[in-house]
Amino acid sequence: MKKTVFTGMATALVTPMTPTGIDYPALGRLIDFQIEKGVNALVAMGTTGENATIEPEDQTEVIRFTVQRAAGRVPVIAGTGTNNTAHVIENTKNACEAGADAVLVVTPYYNKATQNGLIAHFTAVADVSTVPVIVYNVPGRTGCNIQPKTLAVLAEHPNIVAIKEASGNMAQFMEMMRLCGDKIAIYSGEDALTAPMMSMGCKGAISVLSNVVPEHAVAMTSAALAGDFTEATRLQLSLLPLIDALFSQVNPIPAKAAVSAMGFGEEILRMPLTPLEEPFRTKLFEEMKKLGVKL
C-alpha cells in the first residue's frame, strides 16, 4: 500500500464566516480545538467548508491559514474539487503552493462523467499535483458514482493514495476493499457507517461529526484501529442520534449551527444555504447536550 496520509479521524472543517468574508479568528480557534481533542487530520475547503460558494482566492487563503495554524501538528488536506477539470487543476496547484499535505477531489457534479471520464479527470489532477490525491465519492450529492472497477484503475496511479467513500452502499464499499484495499487507503465518508467500515479494513473517517464532538469521534476510530470493535460499535451507536441531527438538513447547515452555538463564529452560510430551521435546531442542540457539549 502507498504511504497513508493519516489513519483515524479527520475533521471536514466548517468555514466560519462574517457577512463580508472569512472569520479567521473563529477558524483558528476551531482548528486549535480540533487538534487539542486529538483529531488526526484536518480538511480545509471541503464540501463541508462550503467551497462551492467561496471564491478561489479565498479558498487558497483558507487553506494557507489552516496549514499555518496547524503548524505541522496534523496533516492538512485541501478540498480542490469542482465539476471543471481545468479549475480543479488550478485549485490543486494553488493548494500545493499553500502547503497542503494532500488534496481531496470530489467527483464532478451536475455535468457528471462516464467512468472513463472519471478516470481521465482524476488522472489529469493526479498528474499535476505535487501532493497525494484522495478521491471523494459522494453520489448522493453529485449524482456521479465511482464504480469499484474504476477505483481499481485509479488505484494504479502512484499519486492517488486513497478514497473518501460516502455512497452509503456497503456492498460497493466491500467490493472496493476487495479490489483496492491493499493498494490505497479507504476512508469512511458516512459518519453513521464508520465503525462497520473500519471493521472491514477502512483506515478511518473524514467526518462532519467530529466538528462537534471530536473526542467521541476520535475514541471511536481509535478503538477500531486497536481492534476493539465492541467498543467502536458501542460508540458508533451512541453517536447515531447526533449524526442524524447533523444531517437533518443539507450539510453543512446543521454543522454550522452547532459550531456557532459552541462559540466558533456566527451562523452565517453562503446562499443558497440558509440557517437551520425548527424543529431541527432544537433536536440538534438536545443531542449535543446529551453528549456533554456546552452551548
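Two strands count as paired if DSSP finds at least two bridges between them. With that in hand, welcome to this predicted model.

- For a look at one pairing, take β3 and strand β4 (residues 102-106), which run in the parallel sense and share three bridges. Isoleucine 77 has alanine 102 of β4 as its bridge partner.

**Aspartate 32 and its arginine partners**

- Aspartate 32 and arginine 73 form a salt bridge, with 2.9 Å between their closest N and O atoms. This pair links distant parts of the chain, 41 residues apart: aspartate 32 sits in helix α1 (residues 24-36), arginine 73 in the loop between α2 (56-70) and β3 (76-79).
- Aspartate 32 has a relative accessible area of 18%, so it counts as buried under the 20% cut-off. Arginine 73, at 42% relative accessibility, is partly exposed.
- Through salt bridges that share partners, Asp32, Arg69 and Arg73 join into one network.

- The side chains of glutamate 50 and lysine 256 form a salt bridge at 2.8 Å, N to O.
- Glutamate 50 lies in the loop between β2 (41-44) and α2, and lysine 256 in helix α11 (residues 253-261); the two are 206 residues apart, so the pair links distant parts of the chain.
- Both partners are buried: glutamate 50 has a relative accessible area of 4%, and lysine 256 comes in at 1% relative accessibility.

**A loop-to-loop pair: lysine 183 and glutamate 156**

- Lysine 183 and glutamate 156 meet through their side chains in a salt bridge of 2.7 Å, N to O.
- Because lysine 183 is in the loop between α7 (170-180) and β7 (185-188) and glutamate 156 is in the loop between α6 (148-154) and β6 (160-165), the pair ties together parts that are 27 residues apart in sequence.
- Lysine 183 is partly exposed, with 30% relative accessibility.

Technical notes. Residues are numbered from 1 along each chain as its sequence is written. This is a predicted model: local features need pLDDT of at least 70, side-chain atom pairs count only at pLDDT 80 or more; totals for chains, interfaces and linings use all residues. Side-chain values use heavy atoms; hydrogens and water are left out. A salt bridge is a side-chain nitrogen of Lys or Arg within 4 Å of a carboxyl oxygen of Asp or Glu. Helices (H or I, at least four residues) and strands (E, at least two) are DSSP runs, numbered from the N terminus. Buried means under 20% relative accessible area, exposed over 50%, partly exposed in between (1.4 Å probe, protein chains only).
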